[in-house]
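Student: Hello! Could you help me learn how to read aromatic rings in a structure?

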Amino acid sequence: MNRLLTYLFRMALVAILAFITLPLVVVVAASFSPTSAVKFIPSEWTFQWYAALWTSRWLDPFLLSVELAVIVSLASGLLGVLGAYSVAYAKCPGHTAIMAFLLSPMSVPQIVKGVAVVLFLSSVGLYDLLGTPGLVMAHIILTLPYVVRMAATAMFGFDKRLDRAARVLGASVTQRIRYVLLPLIRSGLFSGMTFAFIISFNNIPLSVFLVRPGQTTLPITVINHLEYSLDPVLAAVNVASLLFILGVIILFEKIGGFSAQFHGGSK
């Protein structure tokens with residue numbers, strides 16, 4: 001019986017991994033298609049579709065998406081730590097209700113949030129903020145709950161005796177936060193910032209309401225291109241984006257060691 005269960009478990013694991021990886025394999029193979037039609041001919045690989053990415057059509061949206069994701073991850077990290085510190089560490093009055101409020105954007109569909117941001121900007125006479133300013137504001141609203149949740153989880157497990165020891169030794173509030181609290185919650189903070197970067201970089205439902213002509217993010221550019229043609233350059237864009245995101249994850253892991261946040265260990 002145990003052997004049968006082990007065999008079924010392994011078969012299920014293989015099936016899940018195949019379900020996840022096979023689409024990626026198809027996309028990678030299509031990005032080397034020798035013709036404008038999506039084909040995979042092993043003997044006729046070409047890198048022409050990757051060369052096509054080094055044009056303003058694709059490079060400008062990519063740089064805008066990177067700039068947006070960097071700003072959003074840093075802003076969400078700062079605001080998320082402040083919010084998590086208030087509700088999870090300092091336990092301010094009404095901290096439970098405040099935490100629920102900070103996490104509430106996760107329960108609202110992104111399309112609804114996009115429409116709400118556009119209506120808000122137009123109703124207060126700030127319609128000119130559509131574009132990068134509006135995208136930054138909307139993406140912070142979208143990603144802040146993830147940072148707050150990750151940072152708060154790290155703070156809930158924080159040993160307050162360390163903070164008391166630093167206070168007894170004469171450390172100021174700023175010194176205790178900088179040298180005691182932040183290093184110990186680093187994995188939670190960087191895991192939240194990683195989520196914020198990825199969500200902002202890949203976002204479509206919210207961004208589609210806020211982009212302006214000439215200020216289009218990479219995912220929206222892909223959708224617009226897909227409306228008129230399906231060619232291997234889209235596969236090349238997706239492969240390049242995947243490699244970029246993997247590089248960002250590795251960089252954030254090296255800096256913050258956020259994998260400890262998921263398996264309960266320490267860096």
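Tutor: Gladly! Let's begin with accessibility: a residue is buried under 20% relative accessible area, exposed over 50%, and partly exposed in between. Please keep in mind that this is a predicted model.

Student: Is Phe 244 buried, exposed or partly exposed?

Tutor: Its relative accessible area is 23%, so Phe 244 is partly exposed. Phe 197, in contrast, counts as buried, at 4% relative accessibility.

Student: And how is a pair of aromatic rings described?

Tutor: By two things: the distance of the centres and the angle of the planes. In this model the count comes to 11 aromatic pairs. One of them joins Phe 190 and Phe 252, with 6.1 Å centre to centre and 70 degrees between the planes, an edge-to-face pair.

Student: Why does that pair tie together parts that are apart in sequence?

Tutor: Because Phe 190 lies in helix α9 (residues 186–202) while Phe 252 lies in helix α11 (residues 232–256), the parts tied together are 62 residues apart in sequence. Phe 190 is buried at 16% relative accessibility, and Phe 252 is buried at 11%.

Student: What kind of pair do Phe 197 and Phe 244 form?

Tutor: Their ring centres are 6.1 Å apart and their planes lie at 45 degrees, so this pair is tilted. Phe 197 belongs to helix α9 and Phe 244 to helix α11, 47 residues apart.

Student: Which residues do ring pairs link into a cluster?

Tutor: The cluster holds Phe 62, Phe 190, Phe 197, Phe 201, Phe 244 and Phe 252.

Student: What lies over the face of Trp 58?

Tutor: That is Arg 57, at 5.4 Å from the ring centre.

Notes. Residues are numbered from 1 along each chain as its sequence is written. This is a predicted model: local features need pLDDT of at least 70, side-chain atom pairs count only at pLDDT 80 or more; totals for chains, interfaces and linings use all residues. Side-chain values use heavy atoms; hydrogens and water are left out. Rings of Phe, Tyr and Trp (its six-membered ring) pair if their centres lie within 6.5 Å; planes under 30 degrees apart count as stacked, over 60 as edge-to-face and the rest as tilted. Helices (H or I, at least four residues) and strands (E, at least two) are DSSP runs, numbered from the N terminus. Buried means under 20% relative accessible area, exposed over 50%, partly exposed in between (1.4 Å probe, protein chains only). A charge sits over a ring if NZ of Lys or CZ of Arg is within 6 Å of the ring centre and within 35 degrees of the ring normal.
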